[in-house]
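Q: Could you walk me through this structure, starting with how its helices pack?
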Amino acid sequence: MTVVSAGTAEGGQELLSRSELTAKELLREVGSVLRMSETEAALLAEVETEAPEDQTMIINMGPQHPSTHGVLRLMLELQGETVLRCKPIIGYLHTGMEKTGEALTYMQGGTNVTRMDYLSPLNNELVFSMAVEKLLGIDGDIPERAVWMRMLLSELNRMSSHLLFLATNGMDLGAVSMMLYGWREREDVLRFFQKVTGLRMNHNFIRPGGLAADLPAGWRDDVLAILEGLPSRLEEYDILMTGQPIWRERLQGVGVITAQEAIALGATGPILRSTGVAWDLRRDMPYLHYDELEFDVIVGQYGDAYDRYSIRFNEIRESMRIVYQVLERMPSGDFRIQNKKVTPPPRARIDESMEALIHHFKIFTEGFKVPEGEVYVAIESPRGEIGCYIVSDGSSNPYRMHVRAPSFVNIQTMPHMMRGGLVADAVAVISSVDPVLGEVDR
Amino acid sequence: MSDSADTVENAVETQHGCPVQDSLGQRVLHASREQYVSVIKALADEGYEMCVDLTGVDYLEMPHRTIRFGIQPERFEVVVNLLSLSQRKRVRLRVQVPAADATLPTLFDVHPGTEAHERETFDMFGIVFTGHPDMTRILMPEDWDGHPLRKDYSQGSIPVQFKGANS
């Protein structure tokens, strides 16, 4: 393998061939550093090195492979059909969004972060807005209606994201009809988003201080229509997939990861919960008003692809439970904070007041200034903990805006899930990790 | 508290020898480079079993910033977010890294999950994590020049750097 070096000497990112492999590298790749004892690790390494180089082959899976969910490239070392080693190579979708975030004002930042995890854009906006609000010191003053609207949108987004997971998981494993059903159900939710925000995706609707607009007339009926239509269809999918022997055979015992490994690798969300660790930020470190709601944290037991599938499936039902409670308790009132510093004046005021016009112009061209400080805010996205770390230097742009993307971290679990499995199961593993490459590469 | 009294020795609270600061209600420890790994290890033993995030900040454009406790500000800062699942707590560690010697020991042996984060921080800031098993770029192409998230790496005026492309 040629290592390209033009001015830099970091070396290649590719999986090294077996002859170039050092013991330490192998140790890292087989994951034996996961707090195993030295002897255990040595045993693992011995089994691995038994494969002579002429019997193994390194192949690229991706970046253009339909089951890699975008542009993920996996280098797999195979011996026959068995995966010996795996290395995910990422960066194909890197567009410097964190750098872009430094050039955009806090007003504009939402348009940037919403494009990271494009399957749960509202959660990205939410975490960014919450971080900015914390820096501004207005996180306790957000009107009640805005908080409940945020929860409504966040849960609906979780549903749409998990429905898409069901679709892609079905597609990857050959249940093509599930793909169509999943996309269809998701589209119902997206249609509601379009009605509320104007866009199916990349909404920029949750903004620092509240939301961009109030819910449109008839929103309650639209949400109820989604909630009432879904249960019978979910039951259909249960029959189509969950109880079906082929589906179970395909997923059970595939891509197993232990709780210890998941914690050591920083995996969160359904991956961590599939190992039996009941960790959900909505319950364990509540934000918004999740502490006032009743819902269950779905936990698996075996840490395999089947558990991760079931967790996401049942989380749709839990999200529906939450949405029903939100519908019941949705208060009236403002949908954004009435703080002239961050809130643009209402459209009607601009026609009659010069000051309002100037204020409107200033806030959209210059943005608002945020006091110096640094803050890390995390929420539970459909994929795990999404965090936003912002450093402010007192100007109207973030000095540094970092997003802790759950998929970026979760992808690291893949080599451990795939090791020793079949190459056909690699597809099931990628699918069950459910990475969104837009957020992996940012 | 006056500036002269704001030293590590006078910090109201310390944990594992690091002064504790409250940043908007969040717990922040300031560790020196020498303390860094041992403090993370001690915190891991204390129940902070997961390292959720590790990233860098380039403070080049804020040269006159002050850090409390009389800590000498440096150009780079590495920020580590730790999480305790059992105690439902978070703590953040901030470490100053000078530009002249932008290195820091790796956390790989304590939290293997920082592997990708450290590679990303190296890729974006050029901070080298010594002892890291695979200190290569992760998001940028391997033949890329420069570290994009540095403040002196300008936006928008970069010649095309891809292999074989006409620049």
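A: In α6(A), the residues A:Leu156, A:Met159, A:Ser160, A:Leu163, A:Leu164, A:Leu166, A:Ala167, A:Gly170 and A:Met171 meet residues of α7(A), among them A:Trp183, A:Val189, A:Leu190 and A:Phe192. Contact here has C-beta atoms, placed from the backbone, within 7 Å, and helices are DSSP runs (H or I, at least four residues), numbered from the N terminus. This is a predicted model, in which local features need pLDDT of at least 70, side-chain atom pairs count only at pLDDT 80 or more, and totals for chains, interfaces and linings use all residues. Residues are numbered from 1 along each chain as its sequence is written, while chains are lettered from A and ligands numbered from 1 in the order in which they are written.

Q: At what angle do the axes of α6 and α7 of chain A cross?
A: The axes of α6 (residues 144-172) and α7 (residues 176-197) of chain A cross at roughly 165° and come within 7 Å, with axes fitted to C-alpha atoms over the stretch in contact and angles running from 0 to 180 degrees between N-to-C directions. The two helices are therefore roughly antiparallel (over 145 degrees).

Q: Changing topic, how many residues of chain A are in contact with chain B?
A: In chain A, 47 residues are in contact with 37 residues of chain B. The side of chain A that touches chain B has 19 nonpolar, 14 polar and 14 charged residues.

Q: What ipTM does the predictor give the complex?
A: The predictor gives an ipTM of 0.88 and a pTM of 0.88.

Definitions and conventions: Angles under 35 degrees count as roughly parallel, over 145 as roughly antiparallel, 65 to 115 as roughly perpendicular and the rest as oblique. Two residues are in contact if their C-beta atoms, placed from the backbone, lie within 7 Å. Ala, Val, Leu, Ile, Met, Phe, Trp, Tyr, Cys and Pro count as nonpolar, Asp, Glu, Lys and Arg as charged, and the others, Gly among them, as polar.
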